[in-house]
Amino acid sequence: MNIVENEMWSELKRLAIAESEKEQVLSDHLYDLVTRHSDYPEALAHLLAIHLDGGPIDPDSLHDLIADTITRHSEIATASLYDLKATCERDPACENVLVPFLYYKGFKALQTHRVAHVLWNEGRRHVARFLQSRSSDVYGVDINPGARIGKGIFIDHATGIVIGETAVVEDDVSMLHEVNLGGTGKATGDRHPKIRRGVMIGAGAKILGNIEVGEGSKIAAGSVVLKNVPPHTTVAGVPAKPVGIPSSEVPAFDMRQELE
């Protein structure tokens with residue numbers, strides 16, 4: 001980890017220790033998930049393994065699978081820390097980085113996907129699908145392991161999120177619950193949306209088919225998007241149509257839900 005990443009890990013441990021002293025009932029919980037670990041990748045692997053336990057795989061084997069994957073691919077932990085930072089910057093309910101790490105299912109589902117995606121690309125598709133299935137069961141978030149997702153992603157509330165196999169989500173995207181990046185039917189091949197950097201997708205929006213949502217665009221809540229969206233455009237409706245221009249270059253950062 002670089003200096004910034006080490007600082008974030010130190011802050012996580014500091015917050016966990018402080019909370020343990022304030023809430024004795026949580027001290028064992030916080031020790032197990034944060035303070036006893038030597039570094040952030042180790043803590044992240046343990047967090048995911050604990051939450052995904054309960055399926056047919058032995059708990060120790062599940063932990064070893066996740067820990068080995070995160071150890072071999074340092075970009076997983078790096079992207080995870082960018083996600084933590086994005087969550088705290090964009091969610092007014094986020095008091096500090098410890099909160100999403102411990103309690104936000106959107107964050108944890110996304111990190112599970114990062115592990116599954118690596119395994120998918122290594123040809124270990126059944127175990128990748130197992131992690132997808134467990135994540136769907138535990139978090140109510142269904143991200144196909146083939147989907148390509150960047151860093152600095154904020155998934156708010158997260159219930160009902162569905163992201164298809166050939167979807168692409170670039171860096172610095174924000175989305176709310178019940179967003180669907182899906183197909184249009186039984187098409188095969190490249191069939192899911194491409195979401196470019198800085199897009200904000202409102203709650204319940206459905207973006208369907210192999211279409212592109214341009215950089216810095218905004219999708220209004222409840223919209224059904226079936227056609228390409230130009231960069232820096234706000235669309236709304238069923239089917240969605242352009243209704244304005246976002247008030248900022250990166251709508252994902254300010255999270256404003258109004259139509260411009």
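**Loops, sheets and salt bridges**

Tutor: Start with His157, which is found in the loop between S3 and strand S4 (162-163). The S stands for strand (E, at least two residues) and H for helix (H or I, at least four residues); both are DSSP runs, numbered from the N terminus. Residues are numbered from 1 along each chain as its sequence is written, and the model is predicted, so local features need pLDDT of at least 70 and side-chain atom pairs pLDDT 80 or more, while totals for chains, interfaces and linings use all residues. Side-chain values use heavy atoms, with hydrogens and water left out.

Look at the backbone of His157. Its phi is near 70°, a positive value in a residue other than glycine. Is His157 buried or exposed? His157 counts as exposed because its relative accessibility is 53%. The cut-offs are under 20% relative accessible area for buried, over 50% for exposed, and partly exposed in between (1.4 Å probe, protein chains only).

Find His232 in the loop between strand S13 (224-225) and S14. Its relative accessible area is 27%, so His232 is partly exposed.

Pro239 lies in the loop between strand S14 (234-236) and S15.

Now the sheets. Strands S3, S14 and S15 belong to an open sheet of six strands, in the order S3-S6-S9-S12-S14-S15, with mixed pairing. Which strands stand at its edges? They are S3 (154-155) and S15 (241-244); each has a single partner strand, so one side of each is left without a neighbour in the sheet. Two strands pair if DSSP finds at least two bridges between them.

Strand S9 (residues 200-201) runs parallel to strand S12 (residues 218-219), and two bridges join them. Here Ile201 stands opposite Ile219 of S12.

Next comes a sheet of five strands. It is open, its order is S1-S4-S7-S10-S13, and its pairing is parallel. How many bridges join S1 to S4? Two do, and the strands run parallel. Ile143 has Ile163, in S4, as its bridge partner.

Turn to the charged side chains. A salt bridge here means a side-chain nitrogen of Lys or Arg within 4 Å of a carboxyl oxygen of Asp or Glu. The rule gives a count of 17 salt bridges.

Take Glu122 and Arg72 to begin with. Their side chains meet in a salt bridge at 2.6 Å, N to O. This pair links distant parts of the chain, 50 residues apart: Glu122 is in the loop between helix H7 (105-121) and helix H8 (125-139), and Arg72 is in helix H4. Glu122 has a relative accessible area of 34%, so it is partly exposed. Arg72 is partly exposed too, because its relative accessibility is 38%.

Lys85 and Glu89 meet in a salt bridge at 2.5 Å, N to O. Both lie in helix H5 (residues 74-90), four residues apart, which is about one turn of the helix. Lys85 counts as partly exposed at 40%, while Glu89 is exposed at 53%.

One more pair brings us back to the loops. Asp171 and Lys151 form a salt bridge, with their closest N and O atoms 3.2 Å apart. Asp171 lies in the loop between strand S5 (168-169) and strand S6 (174-175), and Lys151 in the loop between strand S2 (148-149) and S3, so the pair ties together parts 20 residues apart in sequence. Asp171 is partly exposed at 26% relative accessible area. Lys151, at 31% relative accessibility, is partly exposed as well. Finally, salt bridges that share partners join Arg90, Asp172, Arg197 and Glu215 into one network.
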